[in-house]
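My entries follow in the order I made them.

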Amino acid sequence: MTCVRGVTQWYRDPVSCLQSTLATLLLEAGHDPLEVLGLSWEFRYHPGDVRPEEYYWPCRRPGDLAGSLLPLHDVTSRWRAIDPADPLGAWRDALAGGRLPVVAVDNYHLPFRPAYHDVHAAHLLVVYDVDETAGTVAVSDAMPPDFAGPLPAEVLLRSCGAAGVDDEQDVFFSGPVTSGGRWLDVRLPAAIPALDPGRLGLALDANAAGFAAPSDDAWTGADGLRRYCTQLGTAATPELLAEAYTFGWGMQAQASLHGELLRTLGARWDRPALAEAGRRVEQVAHRWTAVRVTAAHGRDDPAGCAGPLRDHLGRLRRAYQEAHAALGRAAADLR
C-alpha cells in the first residue's frame with residue numbers, strides 16, 4: 001500500500017478540471033494556486049487541434065499540457081500509459097516518488113459524477129492513494145459537486161481505459177477521443193518564489209510581448225485573436241461553432257484567474273492601476289461567456305447566429321484591447 005496525506009481541493013468559477021487538478025498538485029507542493037495558475041495570460045489557437053475534452057488546452061509544447069498552461073514556471077508534464085500487466089503500478093510508483101498522478105477519465109463510469117451512466121465526457125481527476133490490499137484507489141475531483149475518497153480500482157480503471165464515444169447529449173466533451181489509459185505525470189519545481197511587484201512586472205511584460213508578437217503556425221496574440229474572431233464571425237461551420245465552446249473555456253478560465261490575481265494583488269499592495277487591470281481582464285472572461293453560449297446554441301443554425309455572434313466577438317476583441325491598455329499602465333506603475 002502507498003499512502004499520502006489527504007489532499008486539499010481548490011476551485012474557482014469558471015475553471016475546468018485542468019486548472020482544478022493542477023491546483024491540488026500545487027497545494028500539495030506548498031504553492032499558492034492562484035499565484036501560479038494566474039500569472040500567464042495569452043491567446044493561442046491551433047486550427048484543427050481542438051479536441052472534445054474538458055481539459056483541452058492549445059499546447060505550445062506538444063504533449064506537455066501542464067508546461068504549456070504554465071509557461072512562466074519551470075513545470076513539465078508528460079502523458080503516460082497504464083501498463084496492463086500492472087495497471088496500478090505506475091500510480092503507486094509516482095505516489096512513492098512524491099507525485100500525484102492526474103488521470104484522464106470518462107465521467108460516464110464514475111459513480112460520484114452527475115453524468116454517471118448517463119453522459120460520456122472526457123475529464124481529469126487526481127489520484128492520491130493506492131491501496132492494493134483493499135483494491136481501492138483514492139481520488140480527488142474538485143469540480144462540483146466535488147468528491148474525495150476511495151473508489152474500487154476496477155471502477156477507476158474502467159473509466160480511465162474507456163474508449164471515446166460520440167454522445168449527442170454532450171457534443172462538446174465527448175467524441176472519438178479515448179482516455180486510453182492515459183495519465184499525466186507532472187513535475188513541479190521544488191521552489192516557486194512568491195510574487196513581488198518586480199517579478200509580477202516581468203511577467204506582465206512577457207505576457208504583453210507575446211500578445212504583440214505576430215502569429216506563426218498557431219494563431220497567437222492580437223493577430224491570432226483577430227484571425228479567430230474573423231473566422232468564427234464570417235465563415236463558421238457547425239463544427240467550428242461547437243469547438244468554440246470547448247476552446248473558449250480554456251481562454252475564459254485563464255483570463256478569469258489572471259484577472260483575479262491582479263485584482264487581489266492590487267488591493268493587497270495598494271496599487272489601484274493593478275486592481276483596475278485585473279477588473280479589465282476579468283471583463284474578457286465575461287465576454288467569453290457570450291461567445292461560447294451563442295456559438296453553442298447556434299451550431300444548428302450558423303446563419304441565424306452569425307449576427308449576434310459577430311456582435312459578441314466585437315465586444316470580446318474590444319475587451320482584450322482595453323485590458324491590455326490597462327495592463328500597460330499597471331506594468332509601468334510596478335517599475
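I began with the hairpin of strand 6 and strand 7, where five residues lie between the strands and Asp 146 has a positive phi near 70°. I kept in mind that the model is predicted. I then looked at the pairing of strand 6 with strand 7 (residues 147-152), which is antiparallel and runs over six bridges.

The loop held another entry for me. Pro 145 sits in the loop between strand 6 and strand 7. I checked the peptide bond from Pro 144 to Pro 145 and found it cis, with omega near 10°.

Next I turned to the other partner of this strand. Strand 5 and strand 6 also pair in the antiparallel sense, over five bridges. Here Asp 131 faces Thr 136 of strand 6. Their hairpin has four residues between the strands, and Gly 135 has a positive phi near 70° there.

I moved back to the loop between strand 4 (102-106) and strand 5 (122-131), where Ala 121 is placed. Is Ala 121 buried or exposed? Its relative accessible area is 5%, and buried means under 20%, so Ala 121 is buried. I also took a distance: 9.8 Å separates the C-alpha atoms of Ala 121 and His 109, which are twelve residues apart along the chain.

His 117 lies in the loop between strand 4 and strand 5 too. I noted its positive phi of about 55°, although His 117 is not a glycine. I wrote this down because most residues other than glycine have a negative phi.

Asp 270 is in the loop between helix 8 (238-268) and helix 9 (272-298). Is Asp 270 buried or exposed? The relative accessibility is 64%, and the cut-off for exposed is over 50%, so Asp 270 counts as exposed.

I checked the length of helix 1 (residues 17-28) next. Its twelve residues, at 1.5 Å each, should span 16 Å, and the end C-alpha atoms are 17 Å apart, so the two agree. I then asked how many of its residues are buried. Ten of the twelve are, so helix 1 is largely enclosed by the rest of the structure. Among the buried ones are Cys 17, Leu 18, Gln 19 and Leu 26.

I looked at what comes before and after. Pro 14 is in the loop between strand 1 (2-3) and helix 1. A cis peptide bond joins Asp 13 to Pro 14, with omega about 15°. After helix 1 comes Gly 30, with a positive phi near 90°.

**Two packed helices**

My last entry is on helix 6 (residues 197-212) and helix 10 (residues 302-334). They pack at an angle of about 145°, and their axes are 9 Å apart. The crossing is left-handed. I listed some of the contact residues, including Pro 197, Leu 200 and Phe 211 of helix 6 and Tyr 320, His 324 and Leu 334 of helix 10. By class, the contact has eight nonpolar, two polar and one charged residues.

Note on methods. Residues numbered from 1 in each chain as written. Predicted model: local features only at pLDDT ≥ 70, side-chain atom pairs only at ≥ 80, totals over all residues. Heavy atoms only, no water. Buried < 20%, exposed > 50% of the residue type's maximum accessible area, 1.4 Å probe, protein only. Expected span 1.5 Å × (residues − 1). Pairing = 2+ DSSP bridges. Axes fitted to C-alpha atoms, helices over the stretch in contact; angles between N-to-C directions. Left-handed = near helix turned anticlockwise from the far one by under 90°. Contact = heavy atoms within 4.5 Å. Nonpolar A, V, L, I, M, F, W, Y, C, P; charged D, E, K, R; others polar.
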